[in-house]
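Subject: Structure handover

Hello,

Here is the structure for you to work from. My notes come after it.

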Amino acid sequence: MTRTATRAASRTSADRLARLLNLVPYLLARPGIELAEAAGDLGVTDRQLREDLELLWVCGLPGYGPGDLIDMAFDGDRVTITYDAGIDRPLRLTQDEALALVVALRMLAETPGVDNRDAVERALAKIESAAGDLADAPVAVRMPDDSTQVEALRAAVQRGRALRITYYTAARDETTERTVDPLRMLMVGGRAYLEAWCRRAEAVRLFRADRIDAFTELDVPAVVPLQAQPQDVTEGAFRPSVDLPLITLRVGRGERWITEYYPCERVERGEGDQWLVWMRVTDLGWARRFVLGLGPTVTVVSPPELVEQVRARAAAALDAYATVVPTADRAEPVDTH
């Protein structure tokens with residue numbers, strides 16, 4: 001299986017869910033369609049379409065037994081949906097489901113930096129109208145504990161002044177002082193970010209609000225250079241570039257989730273149930289900690305320096321563990337008197 005950077009977003013869980021929801025009505029309208037034609041229409045590879053169809057086989061209605069799950073028939077390279085599990089029927093929400101949607105939409109409407117707030121409010125109004133008295137249930141919606149800081153940062157950005165921030169960089173496990181010229185506050189993947197021109201890096205950077213330990217509003221206006229442009233965050237806050245280190249991992253079935261969670265340049269099927277994964281990282285120090293935190297079915301293939309760093313750190317951990325002798329294994333002292 002091969003995947004390029006331009007298709008990285010298509011493997012995220014959210015995008016795959018949207019594709020699966022579109023796939024059933026698409027196939028219902030085209031019984032007996034060839035897989036290659038369907039893959040072309042849907043903008044995915046033939047292998048990805050087959051994996052989606054395999055997933056559909058275990059999707060359906062509660063009960064999840066015969067007659068509950070979506071079913072299909074194959075005739076060579078052609079596929080036909082034989083049971084759609086009621087996906088073509090109008091959606092009818094239970095009281096609990098309606099209330100959960102109302103609460104989620106209210107939370108989204110209160111989240112700082114959310115785009116298309118009007119669309120959120122329109123959807124909320126429709127569901128509240130359909131839910132009737134249930135929508136008036138006494139449910140309090142509050143933002144996470146860092147909402148105060150997010151609002152303080154937003155106010156500082158609106159005043160248009162430069163900021164001095166104390167920022168923790170998780171990739172390098174270090175805290176630095178920076179002077180920045182704010183551009184905007186935004187939400188990416190459920191987290192608040194300050195986007196600003198960093199005078200230290202001389203480039204536009206995204207700073208996670210919960211990693212800004214402290215900030216001071218300076219008495220000088222923010223001066224953003226003409227070349228500073230807001231970043232495209234439609235595919236996430238981290239945008240790997242060719243100048244970042246490229247690592248290759250061999251992962252087993254239990255660790256394949258990293259290809260859904262992290263941007264990968266390429267994924268190929270290896271021997272057995274193993275996959276080869278190519279991904280760019282901010283630095284090898286982060287990559288070392290990342291690999292050591294994964295399961296035993298992950299092996300570093302390249303670069304050689306990362307292989308050595310992981311091997312050395314793992315060996316040191318084993319040596320430290322070996323020096324600790326369990327109490328039960330210690331010999332009782334011998335009284336020689």
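The notes below cover a pair of helices, one further helix and the cysteines.

Please keep in mind that this is a predicted model.

Helix pair. Two packed helices are described by the angle between their axes and the distance between the axes. For helix H2 (residues 35–42) and helix H3 (residues 46–56), the axes come within 9 Å and cross at roughly 100 degrees. Angles of 65 to 115 degrees count as roughly perpendicular, so H2 is roughly perpendicular to H3. On the H2 side, the contact is made by Leu35, Ala36, Ala38, Ala39 and Leu42; H3 contributes Asp46, Leu49, Arg50 and Leu53. Sorted by class, the contact of H2 with H3 has seven nonpolar residues, two charged and no polar ones.

Helix H8. This helix spans residues 284–292, and its buried residues are Leu284, Gly285, Ala287, Arg288, Phe290 and Val291. The N-terminal end of H8 is capped by aspartate 283, with a side-chain oxygen 3.0 Å from the backbone nitrogen of glycine 285.

Cysteines. How many disulfides does a search of the whole structure find? The search finds zero. Cysteine 198 has a relative accessible area of 0%, which is under 20%, so cysteine 198 is buried. Cysteine 264 also counts as buried, because its relative accessibility is 4%.

Regards

Key: Residues are numbered from 1 along each chain as its sequence is written. This is a predicted model: local features need pLDDT of at least 70, side-chain atom pairs count only at pLDDT 80 or more; totals for chains, interfaces and linings use all residues. Side-chain values use heavy atoms; hydrogens and water are left out. Axes are lines fitted to C-alpha atoms, for helices over the stretch in contact, and angles run from 0 to 180 degrees between N-to-C directions. Helices (H or I, at least four residues) and strands (E, at least two) are DSSP runs, numbered from the N terminus. Angles under 35 degrees count as roughly parallel, over 145 as roughly antiparallel, 65 to 115 as roughly perpendicular and the rest as oblique. Contact means heavy atoms within 4.5 Å. Ala, Val, Leu, Ile, Met, Phe, Trp, Tyr, Cys and Pro count as nonpolar, Asp, Glu, Lys and Arg as charged, and the others, Gly among them, as polar. Buried means under 20% relative accessible area, exposed over 50%, partly exposed in between (1.4 Å probe, protein chains only). A polar contact is a pair of N or O atoms within 3.5 Å; within protein, one must be able to donate a hydrogen and the other to accept it, and residues adjacent in sequence count only if both atoms are side-chain atoms. A disulfide is a pair of cysteine sulfur atoms within 2.5 Å.
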